[in-house]
Amino acid sequence: MTEKYKITLLPGDGIGPEIMAVTVEVLQLIGKQFELQFDFQSALIGGAAIEATREPLPEETLAICRQSDAVLLAAIGGYKWDNLPRQQRPETGLLGLRAGLGLFANLRPATILPQLVDASSLKPEVVEGVDLMVVRELTGGIYFGLPKGIFTTETGEKRGVNTMAYTEGEIDRIAKVGFETAQKRGGKLCSVDKANVLDVSGLWRDRLTLMASAYPDVELSHLYVDNAAMQLVRAPKQFDTIVTGNLFGDILSDVAAMLTGSIGMLPSASLGASGPGVFEPVHGSAPDIAGEDKANPLAMILSAAMMLRYGLNQPKASESIEQAILQVLQLGYRTGDIMSPGMTQLGCRAMGETLLKVIASQESNC
Ligand code: IPM
Ligand code: MG
């Protein structure tokens with residue numbers, strides 16, 4: 001029987017619409033092969049929404065997302081909107097979406113594909129075999145803590161304030177995702193904090209340590225964030241699953257991304273306790289190459305694969321996309337960001353078409 005899914009598409013800004021168009025074609029073909037019917041509905045977010053409605057996250061967009069089974073988001077932001085007041089910036093729309101859907105858990109895998117070892121700026125022996133997952137808390141910490149803002153002191157000087165705060169409940173629920181993710185992977189969980197300086201991190205470390213007894217099959221370790229950043233580029237293979245707060249996770253997931261050669265390859269999943277998840281590439285809107293058919297659509301397509309696996313419980317369809325991507329790379333096709341000598345460089349659309357051909361041939365092989 002055909003499964004039907006309502007998918008909200010948020011193409012956003014910059015290269016967003018280009019990579020989304022390619023991804024939708026891939027999903028349509030996969031849908032035919034696996035008897036999945038996708039009912040796609042597009043909505044506005046980020047700069048595109050600001051242009052149309054003056055708001056980065058129109059209420060209608062949030063309502064459409066809430067009624068869907070999963071949300072695919074491409075990228076938001078661009079130079080044009082960088083100087084707007086914070087409330088009207090594209091990034092505020094993205095944070096509003098995360099908060100509005102209660103997406104407190106952000107899964108960011110960084111896996112080195114054997115075909116792309118040379119694309120990394122680190123030595124092959126350092127990165128070969130890296131396969132780690134950053135579990136980032138996404139709706140708390142310094143991104144959302146109060147008080148925040150720019151205030152004027154008694155002496156008339158301006159003072160910028162953000163607050164890093166976590167309640168026990170917020171820590172416990174992301175810790176649970178961390179432990180459970182580690183259980184499904186290599187059984188090692190590294191919690192990253194700054195407990196040598198920050199009180200909020202002291203509480204974070206205490207809760208993680210307390211919860212560890214409920215997961216005897218997981219080996220828990222702790223690292224300070226500065227050391228974690230260093231270890232990630234020094235010896236990344238020591239990591240299996242990392243769990244950390246919002247800001248540290250933002251930074252460390254970019255570091256982890258670069259181990260793999262290009263941030264253009266990395267997907268992410270943002271999940272809540274219930275309701276639809278949001279699946280988006282880790283990279284941004286790349287306004288410098290927007291509209292030039294140069295973008296790498298693979299992180300977006302891998303995000304669609306994560307949607308199938310984590311959001312719609314269709315692991316076979318997910319794997320089929322992942323396998324096809326490996327095969328396209330094996331055949332020597334690359335976009336500019338992961339190009340290396342001897343390979344064939346393709347634009348965004350051509351990469352999509354090549355992938356579609358491989359997926360179509362996978363079907364005739366089964
Ligand atoms: C990310 C991005 C966002 C964040 C920005 C665009 C608000 O850097 O998803 O990592 O900081 O969370
Ligand atoms: Mg980031």
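## Helix α2 and its buried side

The buried residues of α2 are G46, G47, A49 and I50. They span an arc of only 160° around the helix axis, so they sit on the same side of α2. An α-helix has 3.6 residues a turn, so residues three or four places apart point the same way. The buried residues of α2 pack against α4. This picture, like the rest of the report, comes from a predicted model.

After α2 comes R54. The phi angle of R54 is positive, near 70°.

The structure holds 13 salt bridges. One of them joins the side chains of E51 and K80, with N and O 3.2 Å apart. This pair links distant parts of the chain. E51 belongs to helix α2 (residues 46-53). K80 lies in the loop between β3 (70-75) and α4 (90-100). The two residues are 29 residues apart. E51 has a relative accessible area of 46%, so it is partly exposed. K80 reaches 59% relative accessibility and therefore counts as exposed.

Another salt bridge pairs R98 with E280. Their closest N and O atoms are 3.8 Å apart. R98 lies in helix α4 and E280 in strand β12 (residues 277-281), so the bridge ties together parts that are 182 residues apart in sequence. Are these two partners buried or exposed? R98 counts as buried because its relative accessibility is 6%. E280 is buried as well, because its relative accessible area is 7%.

## A further pair and a network

E292 and K294 also meet through their side chains in a salt bridge, at 2.9 Å from N to O. E292 is partly exposed, with a relative accessible area of 41%. K294 is partly exposed too, at 47% relative accessibility. Elsewhere, salt bridges that share partners join D131, R185 and D240 into one network.

The protein is divided into domain 1 (1-102 + 273-366) and domain 2 (105-137 + 165-262). Their centres, taken over C-alpha atoms, are separated by 24 Å. Domain 1 gives 10 residues to the contact, and domain 2 gives 11 residues.

How much area is buried between domain 1 and domain 2? The value is about 1,000 Å². Carbon and sulfur atoms give 64% of that area. On the side of domain 1, V282, M306 and I338 supply 38% of the area buried against domain 2, more than any other three residues.

How many salt bridges are counted between the two domains? The count is 0. Polar contacts do occur there: 2 residue pairs are found across the interface. Two elements of domain 1 each give two or more residues to the side that touches domain 2, namely α10 (298-311) and α11 (315-330). The largest share of that side, 3 residues, comes from α11.

## A360 in helix α12

A360 lies in helix α12 (residues 348-365). Its relative accessibility is 35%, so A360 counts as partly exposed. Leaving aside residues up to four places away in sequence, A360 touches L29 and Q33. A105 is 255 residues from A360 along the chain. The C-alpha atoms of A360 and A105 are separated by 34 Å.

Definitions and conventions:
Residues are numbered from 1 along each chain as its sequence is written. Chains are lettered from A and ligands numbered from 1 in the order in which they are written. This is a predicted model: local features need pLDDT of at least 70, side-chain atom pairs count only at pLDDT 80 or more; totals for chains, interfaces and linings use all residues. Side-chain values use heavy atoms; hydrogens and water are left out. Helices (H or I, at least four residues) and strands (E, at least two) are DSSP runs, numbered from the N terminus. Buried means under 20% relative accessible area, exposed over 50%, partly exposed in between (1.4 Å probe, protein chains only). Contact means heavy atoms within 4.5 Å. A salt bridge is a side-chain nitrogen of Lys or Arg within 4 Å of a carboxyl oxygen of Asp or Glu. The arc is that of the directions from the helix axis to the C-beta atoms. Domain bounds come from an automatic or database domain assignment. Buried area is the accessible area (1.4 Å probe) that two parts lose on being put together, summed over both. A polar contact is a pair of N or O atoms within 3.5 Å; within protein, one must be able to donate a hydrogen and the other to accept it, and residues adjacent in sequence count only if both atoms are side-chain atoms.
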